[in-house]
Amino acid sequence: MGSATLCTGVDVHFSIPYPSHPTKFSSKPFSVRCNSSSSKSPPKSQPRPTLSDSDQTHPQSPSLSEQLKPLSKTILTGDISGRPHLVSKPKSTWINPTKPRPSVLSLQRHKRHNYSYNPQIRDLKLFAKKLNESESESDDEGEFLAVLEQMPHPPTRENALLLLNSLKPWPKTYLFFNWIKTQNLFPMETIFYNVTMKSLRFGRQFQLIEELAEEMISTGIELDNITYSTIITSAKRCNLFDKAVKWFERMYKTGLMPDEVTYSAILDVYAKLGKVEEVLSLYERGRASGWKPDPIAFSVLGKMFGEAGDYDGIRYVLQEMKSLGVQPNLIVYNTLLEAMGRAGKPGLARSLFEEMVGSGVVPDAKTLTALVKIYGKARWARDALELWERMRSNGWPMDFILYNTLLSMCADLGLVEEAENLFEDMKKSEHCRPDSFSYTAMLNIYGSGGNVDRAMQLFDEMSDRGVAINVMGCTCLTQCLGRARRIDDLVKVFDVSLARGVKPDDRLCGCLLSVVSFCEETQDVNKVLSCLHQANPKLVAFVNLLGEKKIGFETFKEEFRIILTDTAVEARRPFCNCLIDICRNRNHLPERAHELLYLGTLYGLYPGLHNRTAKEWCLDVRSLSVGAAHTALEEWMATVSKIVQREEALPEVFSANTGTGNHKFSQGLASAFASHVKKLAAPFIQSEEKAGCFVATREDLVSWVQSKIISPAAVV
């Protein structure tokens, strides 16, 4: 019996699961469309179209660009700067089952040029060294060409290529390349352009690289994978990601398949753009084509997920590497550790580090620095110190950054003895002697602990050893001396720091302003203000306005706005806190402190100060100074009193959150706030369940307000 003729189209739909982002376990639809055909002859192969004829390909024989239209038109084009991150899977591609699915990359790396032996190599290498050491620059073309006249052998193709590849400064490489073209001794080939482009890439000269690429296209010289890879990586180095995408698309349109080097480079481009969807689409299409990603590609994925703080993405990278049998190298481990830190996973970072050491990969200083930062941020002091002991016992590499990171962690956690041991180790080290940042960390430790004498000894030691003091070190010492009421030493340190080139910033000005707030003697106040006047005369003028009765609110508001405008964003709230403290502690006009708190709230310096729900009203003063917290409590109670008098609805619970302070030497607001609550006789009691939280019920607060109304006293 003859076979039946298939006369109708059949659509067969399958769902084949592919590894994807772990947060969206969807499957890639795979569809097949079958049609009968009477022709038995195999399809004729089409030559690869060039750039000029790629847009004129016959419609019955689609080019690779047309076959990959969903990739080049829907995924790789469009506005790459403003599109939001997508979480859905890319659209499926309908293909003919008689042909294999279009591959998106070549599984074979582009073969490098094999250089033939050149008996004149020694003379040419010496001549190239002479060219590299010459003082001629790109703007002195005549002198460079004069040196070229001394070439020991004729500039044949092999000799010219050897010299071109031996030149190091990109201006000389570019000049020599142009000189070769003007000689017309042999036809220019792709390799000459590639070598020149690589030299220009080191100099970040993307415009010249793009001009050479356009020249290749116009003269009919083939652009190969090395050419496109160099163009894309150069654009990436110059942060011209749109240019990188443009040349990647152009590569597909010419029918040239990228190798894994070029593919990894474009993955990095999309990762730097934050285009997670595009990166995953390219990755999965490459995997479907049989590509086995190398550690570099996985490092790109890990860095992308790490910068987004996406732990699920990091776990996905680890699972993919394990399933493919790819052993992470040091770069991948470092990238994943940094990613774990951004994702806030110190326990998993520790496990990954142990896995790294267990696999035989020796950590470097960058690895250990990343891990110390993670432990310090998580306040895992014991783990960080144990890591330090392992570094010393195993002889792992340590550099300035690692030592200073450990010292900064000790400063944050108040580990004085451990910091002193580290500091002494640095003094004994031949390659990592304490620098300005090391001394600053120690000044911070002694300053936070109130060890004024040791801090001043360290300051004198810096002068003797010739270590420059920076503005952060000056700020730490100023705060320490101010709290100890050693104003004369403070003035001395400030004057010496300015003489050594320290430029006061807003943080140092805020520290001086804080010292003014708790100075008791007018003479001391004037000394500190004289220092502050050298750094910020406008701020001193505003401090003098605080006690002026003739200044109206609108004028006061405008002057305060000017101060905030001239101040860095991170220093605006500390400035306002200190100014409120000065108003309360220096017996200025009482209403000024309340006006400053109102203006600070108006200008967005205290977001989250008041939080209201139907059942609870909360006053969050954790970001306020003591004086500002007292002022906020008084304002809050005054507002609640008015609401009670108007007999409006109130929640069941009122709470105030002062926080506890994580630093070993932090005093917190709780004790000062409790004293002020007692002074006001407000019905707030400290919570037994949550430290730094004061709670009052609606009934107690209403009774307190009513007693205040009946009694002669009023809420301040």
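A crossing of two helices is called left-handed if the near helix is turned anticlockwise from the far one by less than a right angle. With that in hand, please keep in mind that this is a predicted model. We begin with a pair of helices, then visit a helix with two sides, and end at a single residue.

**Helices H5 and H7**
- Two packed helices are described by the angle between their axes and the distance between the axes.
- For H5 (residues 157–166) and H7 (residues 190–202), the axes come within 10 Å and cross at roughly 15°.
- Angles under 35 degrees count as roughly parallel, so H5 is roughly parallel to H7.
- The crossing in which H5 passes H7 is left-handed.
- H5 brings Arg157, Ala160, Leu161, Leu164 and Asn165 to the contact, where they meet Ile191, Phe192, Val195 and Thr196 of H7.
- Sorted by class, this contact has 6 nonpolar, 2 polar and 1 charged residues.

**Helix H32**
- In H32 (residues 670–680), the buried residues are Ala670, Phe673, His676, Val677 and Leu680.
- Viewed down the axis of H32, these buried residues fall within an arc of 130°, so they line one face of the helix.
- Ser671, Lys678 and Lys679 are exposed on the other side of H32.

**Asp242**
- Look for Asp242 in helix H10 (residues 241–253).
- Asp242 is partly exposed, and its relative accessible area is 47%.
- Asp242 and Leu273 are 31 residues apart in sequence, while their C-alpha atoms are 9.5 Å apart in space.

Technical notes:
Residues numbered from 1 in each chain as written. Predicted model: local features only at pLDDT ≥ 70, side-chain atom pairs only at ≥ 80, totals over all residues. Heavy atoms only, no water. Axes fitted to C-alpha atoms, helices over the stretch in contact; angles between N-to-C directions. Helix = DSSP H or I, 4+ residues; strand = E, 2+ residues; numbered from the N terminus. Parallel < 35°, antiparallel > 145°, perpendicular 65-115°, else oblique. Contact = heavy atoms within 4.5 Å. Nonpolar A, V, L, I, M, F, W, Y, C, P; charged D, E, K, R; others polar. Buried < 20%, exposed > 50% of the residue type's maximum accessible area, 1.4 Å probe, protein only. Arc of directions from axis to C-beta.
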